Amino acid sequence: MTHLSQSLMPAGFEAASDALRNQGWCLLPELLPKNVVAALATDFDPVFAATPFCEGDFYGARTRRFGSLLKRSSHTAAFVQHPLIMALVKDALGPWCDTVQLNLTQAIEIHPGAPLQFPHRDQDMWPAPKGEFEYLVNVMWPLTSFTRANGATLIYPGSHGRQALVDEGHGEPLVASCCPGTALVFLGSTLHGAGANLTIETRRGMIVSYCLGWLKPYENQWLAYPPEVARHFEPELAGLVGYRQHRPNLGNYEGVCPSVLLGDDIPEHPGAIDALRPDQREAVAAHRRAQAEREGGA
Ligand SMILES: O=C(O)CCC(=O)C(=O)O
């Protein structure tokens with residue numbers, strides 16, 4: 001489990017964590033300087049230009065999207081690893097996993113004429129029971145100003161947690177109007193979607209989402225960041241994109257932590273090592289003790 005000491009929490013943590021818990025979302029203004037957002041957006045320019053429009057009614061044919069954003073710009077890590085965001089993510093997901101992981105980074109362009117997106121909950125990507133805990137935390141970083149007219153993200157406040165089990169009656173959404181530098185944070189159980197773009201300008205944003213460390217992430221992080229890429233990440237970032245095990249040995253390589261692939265000396269035959277949860281370690285030890293007693297008494 002991830003436990004954070006309250007006294008070490010970044011400024012703004014308490015209010016943001018309360019808002020997330022109570023409303024399912026919060027807006028964090030001026031989290032990163034506008035010039036850093038502009039530098040990131042400039043790095044994305046050629047990729048947007050080279051990326052075709054999406055296919056399918058969920059993504060929307062008037063949108064463009066691409067992933068692997070840690071590879072597209074050296075500025076992405078500052079967004080992904082922002083201390084307040086990481087604290088909120090660990091607070092929301094930490095009780096249900098050893099470590100959190102990156103689920104997705106995606107740059108999104110909503111073009112003029114794009115209709116309202118299907119309102120959805122990101123947690124529904126995993127066909128598993130809902131309402132007991134959170135699977136995911138989502139962060140939308142606007143790269144242009146988000147307005148009602150240009151398709152700002154729409155959030156259904158209070159639609160999160162156990163409300164996700166209720167099919168109807170979420171009322172009118174809130175328009176998450178915000179400008180570059182702000183982070184819009186919402187839970188995987190919060191109903192949301194992109195608004196319609198009724199202007200002649202393109203709306204741009206970057207989604208960064210984090211999920212429980214034992215889930216299958218939406219974007220295949222190991223393919224987005226193979227060892228030759230991830231070896232240049234600092235260890236915490238490499239861990240976020242999958243180069244660490246989640247007990248019991250989930251995501252292992254040859255039975256050991258996959259971070260072994262990021263070093264200079266990669267053993268050809270590392271030999272598997274147990275990485276068990278305490279309950280599993282205890283059950284295995286009890287079994288061994290009983291076995292030893294039986295054998296001793298025989
Ligand atoms: O672009 C947005 O405002 C939201 C996008 C979204 O929720 C999605 O594509 O899953």
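This is a predicted model: local features need pLDDT of at least 70, side-chain atom pairs count only at pLDDT 80 or more; totals for chains, interfaces and linings use all residues.
How many aromatic pairs does the structure hold?

1. The structure holds nine aromatic pairs. In one of them, phenylalanine 79 and tryptophan 141 have ring centres 4.9 Å apart and planes at 85°, so this pair is edge-to-face. The pair connects distant parts of the chain, 62 residues apart: phenylalanine 79 belongs to helix 4 (residues 76-80) and tryptophan 141 to strand 4 (residues 136-142). Phenylalanine 79 counts as buried at 0% relative accessibility, and tryptophan 141 counts as buried at 1%.

2. Tryptophan 126 and tyrosine 135 make a stacked aromatic pair, with 6.0 Å from centre to centre and 15° between the planes. Tryptophan 126 is buried at 8% relative accessibility; tyrosine 135 is buried too, with a relative accessible area of 3%.

3. One aromatic cluster is formed by Trp96, Trp126, Phe133, Tyr135 and Trp214. The ring of tyrosine 135 also has the charged end of lysine 130 over it, 5.6 Å from the ring centre. A further case is arginine 64, whose charged end sits over the ring of phenylalanine 53 at 4.0 Å from the centre.

4. Around the ligand are Phe58, Arg65, Ile108, Gln117, His120, Met140, Thr153, His192, Ala194 and Arg203. This shell divides into four nonpolar, four polar and two charged residues.

5. Polar side-chain atoms lie 2.7 Å from a ligand oxygen atom for arginine 65, 3.0 Å for glutamine 117 and 2.9 Å for histidine 192. Taken alone, the ligand exposes 290 Å², of which the protein buries 94%.

How values were computed. Residues are numbered from 1 along each chain as its sequence is written. Side-chain values use heavy atoms; hydrogens and water are left out. A residue is near a molecule or strand if one of its heavy atoms lies within 4 Å of it. A polar contact is a pair of N or O atoms within 3.5 Å; within protein, one must be able to donate a hydrogen and the other to accept it, and residues adjacent in sequence count only if both atoms are side-chain atoms. Accessible areas come from the Shrake-Rupley method with a 1.4 Å probe; for residues, only the protein chains shown count as cover. Ala, Val, Leu, Ile, Met, Phe, Trp, Tyr, Cys and Pro count as nonpolar, Asp, Glu, Lys and Arg as charged, and the others, Gly among them, as polar. Rings of Phe, Tyr and Trp (its six-membered ring) pair if their centres lie within 6.5 Å; planes under 30 degrees apart count as stacked, over 60 as edge-to-face and the rest as tilted. Helices (H or I, at least four residues) and strands (E, at least two) are DSSP runs, numbered from the N terminus. Buried means under 20% relative accessible area, exposed over 50%, partly exposed in between (1.4 Å probe, protein chains only). A charge sits over a ring if NZ of Lys or CZ of Arg is within 6 Å of the ring centre and within 35 degrees of the ring normal.
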